[in-house]
Amino acid sequence: ASAEVSYPTYSSANGLVEQRPDDWLAAVGDALRSLAVALGDRIRAVAAIGLSAHAPAIVPVRADGTPLLHQVPIWGDTRCIDVGQILLDTIGIDRAWNGPGMVLTAHYPRLAWLIDHAPQAIEQARWLLAPKDLLGLWLTGVARSDPSSGSGAAAWRTDILFACGIAATMLPSLVEPTALTGYLLPQVAQSLGLIPNL
């Protein structure tokens, strides 16, 4: 079975390219509900849910996963380029970072840009999550990430986080992309028509 749900992207001439995290959650929920209906009793044969999403993008969220920004810059947003250059100059070209996106628009420049442009959301946030990690938190109650979502490595770069002025504890722990993140929360499973503890 398959299901598809669309949602809008907002853009403007100044390099803004944003989406709404609530749209992602609603779309995934609608798609999973549709799949549950289409599969019927065969839903019991589902062994796991795999997640994939665009990157880099960062969503400041409360401990319960509630997004603190109505819209967030996504991978095509270029407003962080100047901040990215400043960060690169601070760290040094020989210590540049890896991860999804070009160097000046990757995860760390986006993080630095958000700190400058959404300080209240950063101050209220428990987690700074990539889109895929937000979906994982919503489904399982566990905040985890993997290198493909932002870090580009097996560990977060504490030197870059220090330069950004952000604590590493605001970022999720990193695991291998194939690692089990957690189990489907019972209340989420019930709302989606899925099996708890999947």
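A residue counts as exposed when its relative accessible area is over 50%, as buried when that area is under 20%, and as partly exposed in between. Ser-2 has 69% relative accessibility, so Ser-2 counts as exposed. The model described here is predicted.

## Selected residues and their accessibility

Ser-2 sits in the segment before S1. In sequence, Ser-2 and Leu-68 are 66 residues apart, and their C-alpha atoms are 31 Å apart in space.

Ser-12 belongs to the loop between S1 and S2. With a relative accessibility of 37%, Ser-12 counts as partly exposed. Its C-alpha is 9.6 Å from that of Asp-77, and Ser-12 and Asp-77 are 65 residues apart in sequence.

Asp-22 is part of helix H1. Asp-22 also counts as partly exposed, at 46% relative accessibility. Asp-22 and His-70 are 48 residues apart along the chain, with 7.7 Å between their C-alpha atoms.

Arg-157 is in the loop between strand S6 (144–145) and H6. The relative accessible area of Arg-157 is 19%, and the limit for a buried residue is under 20%, so Arg-157 is buried. Leaving aside residues up to four places away in sequence, Arg-157 touches Ile-91, Arg-95, Ala-96, Trp-97 and Tyr-108. One of these, Tyr-108, is also among the buried residues of H3. Arg-157 and Thr-90 are 67 residues apart in sequence, and their C-alpha atoms are 14 Å apart.

The C-alpha pairs are set out below.

| Residue pair | Separation in sequence | C-alpha to C-alpha distance |
|---|---|---|
| Ser-2 and Leu-68 | 66 residues | 31 Å |
| Ser-12 and Asp-77 | 65 residues | 9.6 Å |
| Asp-22 and His-70 | 48 residues | 7.7 Å |
| Arg-157 and Thr-90 | 67 residues | 14 Å |

## The sheet and a cis peptide bond

An open sheet is formed by 3 strands in the order S1-S2-S4, with antiparallel pairing. Strand S1 (10–11) and strand S4 (72–73) are the edge strands, and each of them pairs on one side only. Between S1 and strand S2 (residues 17–19), the antiparallel pairing runs over 2 bridges. Tyr-10 has Glu-18 in S2 as its bridge partner.

Elsewhere, the peptide bond that joins Ala-55 and Pro-56 is cis, with omega at about 5°. Pro-56 is located in the loop between H1 and S3.

## Helix packing

Two packed helices are described by the angle between their axes and the distance between the axes. Two helix pairs are considered here.

For helix H1 (residues 21–39) and helix H5 (residues 131–140), the axes come within 11 Å and cross at roughly 55°. The crossing is right-handed. On the H1 side, the contact involves Pro-21, Trp-24, Leu-25, Val-28, Gly-29 and Leu-32, while H5 contributes Pro-131, Leu-134, Leu-135, Trp-138 and Leu-139. Sorted by class, the residues of this contact are 10 nonpolar and 1 polar, with no charged residues.

The axes of helix H2 (residues 81–91) and helix H3 (residues 107–117) come within 8 Å and cross at roughly 110°. An angle of 65 to 115 degrees counts as roughly perpendicular, and H2 and H3 are therefore roughly perpendicular to each other. The crossing of H2 past H3 is right-handed. Val-83, Gly-84 and Leu-87 in H2 are in contact with Tyr-108, Pro-109, Ala-112, Trp-113 and Asp-116 in H3. By class, the contact of H2 with H3 has 6 nonpolar residues, 1 polar and 1 charged.

## Burial of H3

How many of the 11 residues of H3 are buried? The count is 9, and H3 is mostly covered. The buried residues of H3 are His-107, Tyr-108, Pro-109, Arg-110, Leu-111, Ala-112, Trp-113, Leu-114 and Ile-115.

Which elements do the buried residues of H3 pack against? Among the strands, their partners are strand S3 (59–61), S4 and strand S5 (127–129). Their helix partners are H2, helix H4 (119–124) and helix H6 (158–164).

Key. Residues are numbered from 1 along each chain as its sequence is written. This is a predicted model: local features need pLDDT of at least 70, side-chain atom pairs count only at pLDDT 80 or more; totals for chains, interfaces and linings use all residues. Side-chain values use heavy atoms; hydrogens and water are left out. Axes are lines fitted to C-alpha atoms, for helices over the stretch in contact, and angles run from 0 to 180 degrees between N-to-C directions. Helices (H or I, at least four residues) and strands (E, at least two) are DSSP runs, numbered from the N terminus. A crossing is left-handed if the near helix is turned anticlockwise from the far one by less than a right angle, and right-handed if clockwise. Contact means heavy atoms within 4.5 Å. Ala, Val, Leu, Ile, Met, Phe, Trp, Tyr, Cys and Pro count as nonpolar, Asp, Glu, Lys and Arg as charged, and the others, Gly among them, as polar. Two strands pair if DSSP finds at least two bridges between them. Angles under 35 degrees count as roughly parallel, over 145 as roughly antiparallel, 65 to 115 as roughly perpendicular and the rest as oblique. Buried means under 20% relative accessible area, exposed over 50%, partly exposed in between (1.4 Å probe, protein chains only).
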